[in-house]
2 protein chains.
Amino acid sequence: MKECIKVGLLGAGTVGSGVLTVLEENTAEIEKKVGVPIHVSKILVRDMKKAKELSEKYQLTDKIEDIVEDPEIDIVVELIGREHPAKEYIAAALEHKKNVVTANKDVLAKYGKELFPLAEENKVDFMFEASVGGGIPIIRPLKSCLAANKVTSVMGIVNGTTNYMLTKMSQENMDYADVLREAQEKGYAESDPTADVGGLDAARKLVILASIAFNTRIDLSDVLVEGIDGLDLCDIEHGKELGYAIKLLAIAKNNAEHGISVCVRPTMLPVSHPLAGVNDVFNAIFVTGDAIGDAMFMGRGAGKMPTASAVCGDIIDVARNIIHKSNGRINCTCFDEKHLCSLENMMSPCYIRLHVQDKPGVLAAIAAAFGAQNVSLKNVVQKSKVKGVAELVVITYDVSELNLQMAVQTLKALPIVEKVCSVIRVEDHDLE
Amino acid sequence: MKECIKVGLLGAGTVGSGVLTVLEENTAEIEKKVGVPIHVSKILVRDMKKAKELSEKYQLTDKIEDIVEDPEIDIVVELIGREHPAKEYIAAALEHKKNVVTANKDVLAKYGKELFPLAEENKVDFMFEASVGGGIPIIRPLKSCLAANKVTSVMGIVNGTTNYMLTKMSQENMDYADVLREAQEKGYAESDPTADVGGLDAARKLVILASIAFNTRIDLSDVLVEGIDGLDLCDIEHGKELGYAIKLLAIAKNNAEHGISVCVRPTMLPVSHPLAGVNDVFNAIFVTGDAIGDAMFMGRGAGKMPTASAVCGDIIDVARNIIHKSNGRINCTCFDEKHLCSLENMMSPCYIRLHVQDKPGVLAAIAAAFGAQNVSLKNVVQKSKVKGVAELVVITYDVSELNLQMAVQTLKALPIVEKVCSVIRVEDHDLE
Ligand SMILES: NC(=O)c1ccc[n+]([C@@H]2O[C@H](COP(=O)([O-])OP(=O)(O)OC[C@H]3O[C@@H](n4cnc5c(N)ncnc54)[C@H](OP(=O)(O)O)[C@@H]3O)[C@@H](O)[C@H]2O)c1
Ligand SMILES: NC(=O)c1ccc[n+]([C@@H]2O[C@H](COP(=O)([O-])OP(=O)(O)OC[C@H]3O[C@@H](n4cnc5c(N)ncnc54)[C@H](OP(=O)(O)O)[C@@H]3O)[C@@H](O)[C@H]2O)c1
């Protein structure tokens, strides 16, 4: 039996330093759980001079070869982030038969299809629990605990920044620009918030979740992405009155007949839905499977220590595999062909807010325009009337994405319609 | 490599038949995930004649030896329930070097300390994801994903029957007796509901959870147990007015200084707490760790298919270990000595409802009685006054279990106190 498991850490930033803290503070328990101690034997930093303090305790290097070519190192933990050179470093580590643990959703979403086969060829583990939902256990539960299920849907609040912003907008009636400024001041949003508010960060995580849930390789280009940057406070308010909360949801569905749909978008959820109560920077992933029914996993989706919790959980799991010589025991499970659902078959109810001229016959014309695209209306509410313009809120029954888009085009072309202000899908789901 | 993994199933009742359904319906996916097919090669039934239909598809037996002594069988899945002979059958299987999967909390809570070492000696897996929270992944997340954490607390709604009853009481103002009758009619409560409403079922699950979370062997006798059988509807109503929901919580805390406390009892939770929104037969487990902070796992805590989901997840995990010759890779982790917290150091706020004589000086006398036991009061509300008797509701600040019990004794002895009607602990916990 090995005397100790050796880790090479790439990057000692927010999460990397959290990993060092967890491994230090819980050394004794971790050793008992694994059977042997886990040592961080080398750390890759960008600038050796800047990392003076770290060098008192750890051996540092600024050359990736020092780690991937070190025959003593068992596990390479990649926490430098972004696509490059992270992807190349991970590939090099796998090629040198190192087990790899990462939190890097950017690399996984884009290069997963190259890296997983590489891990398999080299019979090593490639783990990434922290890449989705930060500290929340979700990758391993999907791969193990729920492995006997046909998963039919995964819906997640997987971006803390936007959930914080939506919570503030909803609870404090702050508008989008103000709340973004506050989030940036508090450090919850980056100075360039595009990836968060535009939905790209959530889309990357959805690619990872959906690929595992549906046993096929989903690509970033498969995801329909809409962010919260266009969201108007008044839609949150109207939603509330109708019993809905608006969340930025990453939604993956697998319809046995029509195939897989993946999208990220602001979504209205009945307030009774468990995801509707997930507020602030908390994340949650709501999974539905044929055997388990509905289940939800909630927790901190980011932050130094929660993310380090997940990374260290992976390190422990890899270490157990090393001890039992069972690395590669859970392979990539993307064995199914990908069948994407067409826009005709992506169904959901929808909320539409529009400004129309306030004159007789308008409602009938609107209803006719919807009707022509086979869209049935569940609810039409006139919200206000200002200077001859009425604000209408329409809730539809299930409508296909295609019909919805065509109905919106038709509405926009009607002379009596001044503006189609917002189109927000609704997820109505009774707990299973 | 083995050509197929062979399962011997003990008991084809509710969960057992669910397991057969899941393994049949999802055969193809499961085979791809494991690498080889999983076959149920024998089923133990009590009465061969009653099991005619089953015998068309499966080989049946009414002798346990036919299964535990069959050299072809890799995994024994125990789903006969109750303590005996389930415990003896599990022990026999382990002794014959069979991996064991079970959903049997009764056996685990009482005989875990005998069975885990047996599994270890024989280098086989002993898995029990379904024993707590039905389909909800919680055992494996605690043992793997959160393994790097010092877990400080686990609070769970782990009994669906009582959660259904409390939800009905709260939402429909039904009183205890009516709601119990309805739950029995719907099949949510058994004809003898004692184990559920009295808290024993939750206590057994807590023993399992706390043992894993705190790396030590908790016994059923360590758990302070109080059921919902004494619960009065008016306490639910008063709680609501004060912003609390009442849930039957299984609570395990590990205080670095004072040790471990484990209890099952009706508890007031702020309505904003994620557990407060878990309704009907849903279960949820709320875990706090030093690295992850707060996380919650929610889903169906019982039922044929959800429970089968967890059992089959275990079967797949064992099968992967068999393929990789790594059975026993996650050992029992009860390596720490047990330090139980004394009643003096178990602290929480408390709600107390009492009937007192309606005369001057009463409030002062009550406050003095609390004060004498070092109990500070946060809130005193007079709820009603009938025929010279006033109903008071008192919310205390943090009070130790010991002081609380003494204060209640003192109150009961006061001539002005007609009755101490209810004493319900409060969990005030800001999300971490
Ligand atoms: N932070 C979170 O809450 C969180 C949550 C989930 C997942 N993640 C993921 O975790 C990963 C790390 O995130 P983080 O927040 O820890 O980022 P971070 O604070 O920016 O840390 C990255 C560290 O890596 C170093 N680094 C970057 N490029 C390097 C290179 N080529 N060679 C050597 N060192 C290099 C950086 O050094 P310099 O400072 O010198 O550039 C920095 O110390 C990312 O993939 C992120 O998406 C983070
Ligand atoms: N049901 C749930 O939702 C749920 C949820 C979580 C955990 N569990 C646990 O899962 C286990 C099974 O529960 P269940 O609901 O499936 O119980 P069940 O419906 O009563 O099924 C038990 C089956 O085992 C058979 N059996 C009992 N003793 C036997 C013996 N000595 N030899 C052969 N067969 C025997 C019974 O046959 P007879 O009918 O002939 O007696 C019956 O078919 C229990 O440990 C339970 O605590 C259940």
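In this predicted model, a polar side-chain atom of T14(A) is placed 2.8 Å from an oxygen atom of ligand 1. Because the model is predicted, local features require pLDDT of at least 70 and side-chain atom pairs count only at pLDDT 80 or more, while totals for chains, interfaces and linings use all residues. Residues are numbered from 1 along each chain as its sequence is written, chains are lettered from A and ligands numbered from 1 in the order in which they are written, and side-chain values use heavy atoms, with hydrogens and water left out.

The backbone also approaches ligand 1. A polar backbone atom of V15(A) lies 2.8 Å from an oxygen atom of the ligand, and a polar backbone atom of G303(A) lies 2.7 Å from an oxygen atom of ligand 1. Taken alone, ligand 1 exposes 900 Å², of which the protein buries 73%; such areas come from the Shrake-Rupley method with a 1.4 Å probe, and for residues only the protein chains shown count as cover. In total, 20 residues surround ligand 1, the closest being T14(A), V15(A), R46(A), K105(A) and G303(A). A residue is near a molecule or strand if one of its heavy atoms lies within 4 Å of it. By class, the shell of ligand 1 comprises ten nonpolar, seven polar and three charged residues. Here Ala, Val, Leu, Ile, Met, Phe, Trp, Tyr, Cys and Pro count as nonpolar, Asp, Glu, Lys and Arg as charged, and the others, Gly among them, as polar.

V15(A) belongs to helix α1 of chain A. Helices (H or I, at least four residues) and strands (E, at least two) are DSSP runs, numbered from the N terminus. With 18% relative accessibility, V15(A) counts as buried, a term that means under 20% relative accessible area, against over 50% for exposed and partly exposed in between (1.4 Å probe, protein chains only).

UniProt positions are given in the numbering used here, feature names are shortened, and annotations may be inferred rather than shown by experiment. Among these residues, G11(A) occupies the loop between β1 (5-10) and α1 (14-25) of chain A, and its relative accessibility of 9% makes G11(A) buried. The unreviewed entry in UniProt also assigns the feature "active site" to K205(A). K205(A) sits in helix α11 (residues 200-213) of chain A and is buried, at 7% relative accessible area.

Chain A has an open sheet of six strands in the order β3-β2-β1-β4-β5-β6, with parallel pairing. Its edges are β3 (60-61) and β6 (126-127), each with a single partner strand, so one side of each has no neighbour in the sheet. Two strands pair if DSSP finds at least two bridges between them. Between β1(A) and strand β2 (residues 38-44) of chain A there are six bridges, and the two run parallel; L9(A) has I43(A) in β2(A) as its bridge partner.

Chain B can be read in the same terms. An open sheet of six strands in chain B has the order β3-β2-β1-β4-β5-β6, with parallel pairing. In that sheet, β5 (residues 99-102) and β6(B) pair in the parallel sense over two bridges, and V101(B) stands opposite M127(B) in β6(B).

Ligand 2 is surrounded by 20 residues, of which the closest are T14(B), V15(B), R46(B), K105(B) and G303(B). An N or O atom in the side chain of R46(B) lies 2.7 Å from an oxygen atom of ligand 2, and a polar side-chain atom of K50(B) lies 3.3 Å from an oxygen atom of the ligand. Taken alone, ligand 2 exposes 890 Å², and the protein buries 73% of that. The shell around ligand 2 divides into ten nonpolar, seven polar and three charged residues.

Finally, N159(B) is found in the loop between β7 (151-157) and α8 (160-172) of chain B. N159(B) is buried, at 4% relative accessibility. Its side chain makes polar contacts of 2.8 Å with the side chain of T162(B) and with the side chain of D201(B), also at 2.8 Å. A polar contact is a pair of N or O atoms within 3.5 Å; within protein, one must be able to donate a hydrogen and the other to accept it, and residues adjacent in sequence count only if both atoms are side-chain atoms.
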